[in-house]
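The sequence and the model come first, and the points follow by topic.

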Amino acid sequence: MKIKTTLAAALALAWSAASFAALQNSNFAEFDAPADGTTAGYDVGEGPPGWYLTAATNGGSVIYDASEAFEGVGGYWVFEPPLTTGFGANKFEQCVPVNDTDTLEISYAIHAETPTDDAAELGVRVNPNFYADLASCLDAQATDSGGDRLSDGGSRPNDDVDFTFGSDDGRQWIERTPAVEPELRYTVDHIPDGSRYMNLSIRMRDRPTPRDNVRIRLDNVRVVQGGSTNRVVNGRFEHAPLADGAPLVATGNGWVVDRDGDAALKAAVGPVGFALSGSNVFYMENMTGNFGSSRLDQCFPLEGADIRPSVFAQTRRPDPELQVRLNVDFYTDDACTSSAASDPRIRQDFALDGTAREWTALIAEEVRSAGEYGDATHGLLSIRVRDRSNEAGDGPGAFPRAVYLDDASVAAGVATPTFSPSPGEYVDSVEVTLESATADAVIYYTLDGSDPDDSAANVPSGGTVQITSTSTLTARAFADGLFSSARSGDYTIVGPPPPPPPPPSQLSTGCSVSDRPAPLDPTLWALMALAGAALYARRRRRALKI
């Protein structure tokens, strides 16, 4: 049922607003990628954005060289040589969100840097371990152990999938997918009951004698489940690590990271499969117990507009003491250094204690008008994060709680609707929930990419849309005579994947590597019966002739 409103009139009224304030790069679409040819090195207990180096004899590095990467994008990972003869000494890992209700597929690309094409005996192992929660997965990484991994209900709970290079496999990219290695596909029967995270552990070795001039590159790491969205963060090693004082874009005004001079605090920006607006998110991987050491700031022109800060945030480990602060101060210069005579600061804190891995709209309750900020010409939006989830309540717990940010704004108005699940590829159909953080909003939408108007279909905020064919979903929220900006996303609907090929038939000769004979293959029994019948018929004909 449609909810009737005079949307056309409301749109005209909303667009006629005299002015509005806008941030640059509000959805982090732009960022300076690391320059080609640069290298970022990591020791055990560290790792590039999204990853953790659990064990390594000589550390590892991300090489930012798009021309040498698997798909010409970002860079690739290497363990520094020499490797060891066993897999256990070189482990590169990430805790990936999964479930126990959908088929899971792992894929990756590898390249042996060898003096010749002979890469024999170099090996790569994929070792997935399944866990009931993220804390258990992170604990297993930190202790370099299986920890509380799950095993009940799955026929392949924690098995290894190995690949050994051949004598002509060197100096080329080799892609390993379930299509060429069926063991990289985990059906529902393979996954332990209650699995919510998988520790994806990728390991490497060199036999019989580790060499100083041999490395194995790793790139394009993917985990997909229930669609095509990659659940791995930074699987193509294209995310930009951001240290204290780093701008996302070097030229022009925009976002600047403030980590209070602490080089151990990690932040990054880059594309992920769960981005809310566009392809990229900004994220802080670890925090302190103070807001001042985890800040993302931008100085923006006020334009005489009403100011109300907001941002979308999510975390994989919610906690009442994991908090985001929205702070706006007002200034009389475009560098945000000279405070306005009247500085009607906006400041509000929000707890990230909701549902894990769901975007939450954080919208300040207060609004500042031009009359309130007086002679100010610019505002400084500061998005700050702190973690006080330890027992003492003054700092982070034993394991980090990364916080992801997207779609920041300083404009007062109706909150842009969100889509859940996110745009991507889905099998057969998908039910999408449309929701706006503005109370009593109505969501107008189209499925052909056009901008919704008063003739478009609509649902109340929190309503759902069933998508059964490939569509571009575009939606606006409407409330109190105003409308939000539009959000759009592509939903690709595909048929179910083909079943895995049956295992090749194996004829048995009755021999066995054990001390007991193996049973004869049924096919062999049938062939023996046919031969016997033919022999009997032949002898009977001869007997009749006699």
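Predicted model: local features only at pLDDT ≥ 70, side-chain atom pairs only at ≥ 80, totals over all residues.

What volume does the second largest pocket have? The second largest pocket has a volume of about 1,000 Å³.

- Two or more lining residues come from each of strand E18 (307–315), strand E21 (360–363), strand E24 (418–420), strand E25 (424–427) and strand E26 (430–435).
- E24 gives the most to this lining, with three residues.
- By residue type, the lining of the second largest pocket holds 14 nonpolar, 17 polar and eight charged residues.

**Helix H2**

- Helix H2 spans residues 134–143, and its buried residues are Leu134, Ser136, Cys137, Leu138, Ala140 and Gln141.
- An α-helix has 3.6 residues a turn, so residues three or four places apart point the same way.
- The cover over the buried residues of H2 includes strand E2 (52–55), strand E5 (91–97), strand E7 (122–131) and strand E11 (197–206).
- At the start of H2, Asp133 places a side-chain oxygen within 3.3 Å of the backbone nitrogen of Ala135.
- After H2 comes Asp144, with a positive phi near 50°.

**Gln94 in strand E5**

- Gln94 belongs to strand E5.
- Gln94 counts as buried because its relative accessible area is 2%, and the cut-off for buried is under 20%.
- Leaving aside residues up to four places away in sequence, Gln94 touches Gly50, Trp51, Gln141, Met198, Asn199, Leu200, Arg231, Val232 and Val233.
- Gln141, one of these contacts, is also among the buried residues of H2.

**Strands E6 and E9**

- Strand E6 (residues 104–113) pairs with E9 in the antiparallel sense, over four bridges.
- Trp173 in E9 is the bridge partner of His111.
- Strand E9 (residues 173–176) has Ile174 and Arg176 on a covered face, while Trp173 and Glu175 are on an uncovered one.
- In a regular strand the side chains alternate between the two faces of the sheet.

**Backbone details in loops**

- A cis peptide bond joins Pro81 to Pro82, with omega near -5°.
- Pro82 sits in the loop between strand E4 (76–79) and E5.
- Glu121, a residue other than glycine, has a positive phi near 80°.
- Glu121 is in the loop between E6 and E7, and it is partly exposed, with a relative accessible area of 40%.
- Cys336 is not a glycine either, and its phi is positive at about 55°.
- Cys336 is placed in the loop between strand E19 (322–331) and strand E20 (346–351).
- With a relative accessibility of 9%, Cys336 counts as buried.

How values were computed
Residues numbered from 1 in each chain as written. Heavy atoms only, no water. Buried < 20%, exposed > 50% of the residue type's maximum accessible area, 1.4 Å probe, protein only. Contact = heavy atoms within 4.5 Å. Polar contact = N/O pair within 3.5 Å; in protein donor to acceptor, adjacent residues only side chain to side chain. Pairing = 2+ DSSP bridges. 1 Å grid on protein atoms, 1.4 Å probe; cavity = no way out; pocket = protein on both sides within 12 Å on 5 of 7 lines; lining within 4 Å. Points joined across faces, edges and corners; volume = space filled by probe spheres on them. Nonpolar A, V, L, I, M, F, W, Y, C, P; charged D, E, K, R; others polar.
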